[in-house]
Amino acid sequence: MFYRENGQFKSSYRADQQILAIRQDRIAMALLLAVAFIVVPLTAPEYLFRAILTPFLILSLAALGLNILVGYCGQISLGTGAFMAVGAYAAYNFQVRIEGMPLIASLLLGGLCSTVVGVIFGIPSLRIKGLYLAVATLAAQFFVDWAALRLKFVTNGSDSGSVSVAGLNVFGIPIESPAAKYLFCLSFVALFALLAKNLVRSSIGREWMAMRDMDVAAAVIGIRPIHAKLTAFAVSAFIVGVAGALWGFIHLGAWEPAAFNIDRSFQLLFMVIIGGLGSIMGAFLGAAFIVLLPIALERLPQLLGIPLSTATSSHLTSMVFGALIVFFLIVEPHGLARLWATAKEKLRLWPFPH
Amino acid sequence: MGFFFETLIGGLMAGMLYSLIALGFVLIYKASGVFNFAQGAMVLFAALAMARFAEWIPQWTGLESKLMANVLAFLLAMVVMVLVAYAIEKLALSRLVNQEGITLLMATLGITYFLDGLGQTLFGNDIYKIDVGMPKDPVIVAESLFPGGILLSKEDLYAALIAAALVILLALFFQKTATGRALRAVADDHQAAQSIGIPLSTIWIIVWSVAGFVALVAGIIWGSKLGVQFSLSLVALKALPVVILGGLTSVPGAIIGGLLIGVGEKLSEIYIGPMLGGGIEIWFAYVLALLFLLVRPQGLFGEKIIDRV
């Protein structure tokens with residue numbers, strides 16, 4: 001009833017091509033941003049920031065990066081955790097070794113290092129695909145895990161790869177309180193989401209999608225496979241690397257290689273599948289789902305008065321994850337994002353469908 | 001020199017267990033084209049079932065004989081694995097027919113998580129011991145050749161014998177029985193097999209059950225050596241480079257690939273590891289497989305079916 005585009009006429013190409021073409025969408029997005037940037041920092045309790053909002057934002061960013069590779073370019077990666085680790089450890093080195101390095105510069109440089117590693121491990125994708133590529137990216141995962149654990153220069157000489165950062169500030173403003181951390185991450189995520197959305201709408205995004213849908217046909221119409229695949233690896237690894245640096249610096253503060261192990265890679269892949277392959281929105285929905293589900297599964301039995309041990313609830317979580325993955329692959333391979341899109345379509349006709 | 005041979009044999013033993021897990025991968029891949037990421041979870045699940053049933057059966061029935069308890073536990077665990085195979089086929093795979101390989105891979109990833117959770121919920125998450133009466137005492141051989149001889153564990157020798165027997169059994173099953181012929185027909189060509197009246201879904205249940213059987217044997221050998229615990233599930237990740245190296249469709253490839261990776265891993269750890277800071281075991285297999293993919297993507301013995309990009 002309220003969600004209609006009647007009477008909204010587009011009189012220029014610019015108007016036709018904008019990201020949010022319907023006025024109601026623009027209003028909703030503006031409201032969402034206002035709530036996220038102003039209302040939440042003022043009202044939310046500290047627990048919410050620490051346990052839910054900040055991890056959600058950073059993992060959405062990582063899922064966004066992974067979605068560019070898996071969802072848009074069709075190249076599977078089981079090494080996302082490794083790229084996050086590269087971002088985090090590289091940013092750590094820039095921060096610690098260079099006196100007076102600005103925080104944002106370290107984070108972005110960490111992302112660039114991750115880009116380089118991503119491109120190196122993306123090179124096999126030029127010859128192999130599918131599950132063979134999955135093994136190649138697993139190689140990245142195990143190699144980086146090992147490097148962070150054993151190579152002294154990666155961790156600036158600390159044993160067993162555990163490092164920590166403290167006293168972070170941006171332009172003199174300390175990033176210490178949970179609300180400040182949240183706002184810092186939110187700015188990053190909003191900016192990168194906008195960049196990613198525009199990238200996938202541009203020619204390079206279309207190249208990725210053509211590559212994903214049928215590589216031979218894409219090559220025939222003049223898309224260079226090397227260029228398309230390696231740019232997807234590079235952009236994806238950059239975003240994932242920045243997310244990894246944020247995860248280490250802002251969320252954890254002190255971390256060791258296990259923070260970026262293979263479980264992290266699987267978790268991100270699940271976010272992308274459940275949220276929706278090939279959708280920016282999907283990364284956020286998937287991340288929200290996977291961050292909230294374990295907390296819900298932990299809380300629910302308590303509310304119902306059923307005592308469950310932590311071990312049991314973690315096993316239940318993993319069962320629910322597994323079952324949901326299979327369920328989504330069977331029923332809705334495009335994930336939550338597609339459900340959302342379907343709901344919007346329905347809403348346009350509601351309450352008078354044809 | 002004796003030390004070198006001991007390392008070599010240690011590597012062969014580890015490699016044999018990789019081979020057993022890789023064998024499960026290859027069986028399922030050949031018959032259904034599914035790259036079964038869940039093989040490791042199946043090994044863990046089977047081993048947990050075996051370990052716990054062997055513990056529970058004497059409590060339930062008051063059986064005194066340990067042998068009987070083990071045999072019953074083995075049979076029960078096998079029944080459980082067939083049920084798992086049935087459920088996987090009916091609930092997941094039959095609904096994903098004609099999907100791309102990558103979708104199936106992600107589905108088996110989901111199955112992995114489900115089985116890990118289910119197994120530990122049903123059977124508990126401690127470290128359990130499987131005791132099937134394998135002798136633990138070491139023997140020293142070839143004393144006349146080297147000073148000090150080569151130290152071998154009898155358990156490893158028995159394990160190797162069991163693995164060899166399993167491979168022969170599987171080979172006989174595939175070559176000599178009607179079901180085995182049907183399995184090979186399905187592996188060669190799904191449509192042709194279906195058109196001459198081989199029921200695909202039954203075949204897939206059988207294949208997953210056979211893979212479950214292989215997983216059970218691998219789980220028992222591994223579990224009696226090192227105990228049954230969650231890390232067993234991760235060992236399966238090592239089987240991925242093994243099948244890449246040996247070729248995805250080749251049973252001998254899985255075995256030889258497993259042995260090569262096992263030996264390569266141990267020798268490189270001893271002789272190259274110290275130069276790089278140690279612990280290279282965890283990535284050696286993957287990097288070897290990665291390099292191999294660039295040179296010979298179909299693996300040592302695989303059919304040349306990989307799509308080049």
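A residue is counted as buried if 20 or more other C-beta atoms lie within 10 Å of its own, as exposed if 12 or fewer do, and as partly exposed in between. In this predicted model, Ala44(A) has 15 other C-beta atoms within 10 Å and is therefore partly exposed. Ala44(A) is found in the loop between helix 2 (23–43) and helix 3 (46–72) of chain A, where, leaving aside residues up to four places away in sequence, it touches Phe49(A) and Leu53(A). Along the chain, Ala44(A) and Pro353(A) are 309 residues apart, and their C-alpha atoms are separated by 40 Å.

Two further residues of chain A fall into the exposed class. Leu31(A), placed in helix 2 of chain A, has 11 C-beta neighbours inside 10 Å and so counts as exposed; its C-alpha atom is separated by 31 Å from that of Leu324(A), which lies 293 residues apart from Leu31(A) along the chain. Phe171(A), in the loop between strand 2 (169–170) and strand 3 (173–174) of chain A, is exposed because 7 other C-beta atoms lie within 10 Å. Most residues other than glycine have a negative phi. Phe171(A), although not a glycine, has a positive phi of about 50°.

Helix 4 of chain A, by contrast, is described by burial: 16 of its 18 residues are buried, so the helix is largely enclosed by the rest of the structure. This helix, residues 80–97, reaches 26 Å from its first C-alpha to its last, close to the 26 Å expected at 1.5 Å a residue.

In chain B, helix 9 is likewise largely enclosed by the rest of the structure, because 13 of its 16 residues are buried. Helix 9 of chain B reaches 24 Å from first C-alpha to last, which is close to the 22 Å expected at 1.5 Å a residue, and it is followed by Gly247(B), whose phi is positive, near 105°.

The packing of helices within chain B is illustrated by one pair. The axes of helix 5 (residues 154–176) and helix 8 (residues 200–226) of chain B come within 11 Å and cross at roughly 180°; an angle over 145 degrees counts as roughly antiparallel, and these two helices of chain B are therefore roughly antiparallel to each other. On the helix 5 side, Glu155(B), Ala159(B), Ile162(B) and Leu166(B) meet Val214(B), Val217(B), Ile221(B) and Lys225(B) of helix 8, a contact that has 6 nonpolar, no polar and 2 charged residues.

The largest nonpolar core has 215 residues, and those with the most contacts inside it are Leu61(A), Leu246(A), Ala47(B) and Met50(B). Helix 8 of chain B gives the most to this core, with 17 residues. Ala47(B), not counting residues up to four places away in sequence, touches Ile130(B), Gly219(B), Ile220(B), Trp222(B), Gly223(B), Val228(B) and Leu232(B).

Between the two chains, 43 residues of chain B are in contact with 39 residues of chain A. The elements giving two or more residues to the chain B side are helix 4 (101–123), helix 9 (231–246) and helix 12 (281–295) of chain B, of which helix 4 gives the most, with 17 residues. By class, the side of chain B that touches chain A has 28 nonpolar, 11 polar and 4 charged residues.

Notes
Residues are numbered from 1 along each chain as its sequence is written. Chains are lettered from A and ligands numbered from 1 in the order in which they are written. This is a predicted model: local features need pLDDT of at least 70, side-chain atom pairs count only at pLDDT 80 or more; totals for chains, interfaces and linings use all residues. Axes are lines fitted to C-alpha atoms, for helices over the stretch in contact, and angles run from 0 to 180 degrees between N-to-C directions. Helices (H or I, at least four residues) and strands (E, at least two) are DSSP runs, numbered from the N terminus. Angles under 35 degrees count as roughly parallel, over 145 as roughly antiparallel, 65 to 115 as roughly perpendicular and the rest as oblique. Two residues are in contact if their C-beta atoms, placed from the backbone, lie within 7 Å. Ala, Val, Leu, Ile, Met, Phe, Trp, Tyr, Cys and Pro count as nonpolar, Asp, Glu, Lys and Arg as charged, and the others, Gly among them, as polar. A nonpolar core is a set of buried Ala, Val, Leu, Ile, Met, Phe, Trp, Tyr and Cys residues joined through C-beta atoms within 7 Å. The expected span of a helix is 1.5 Å times one less than its number of residues.
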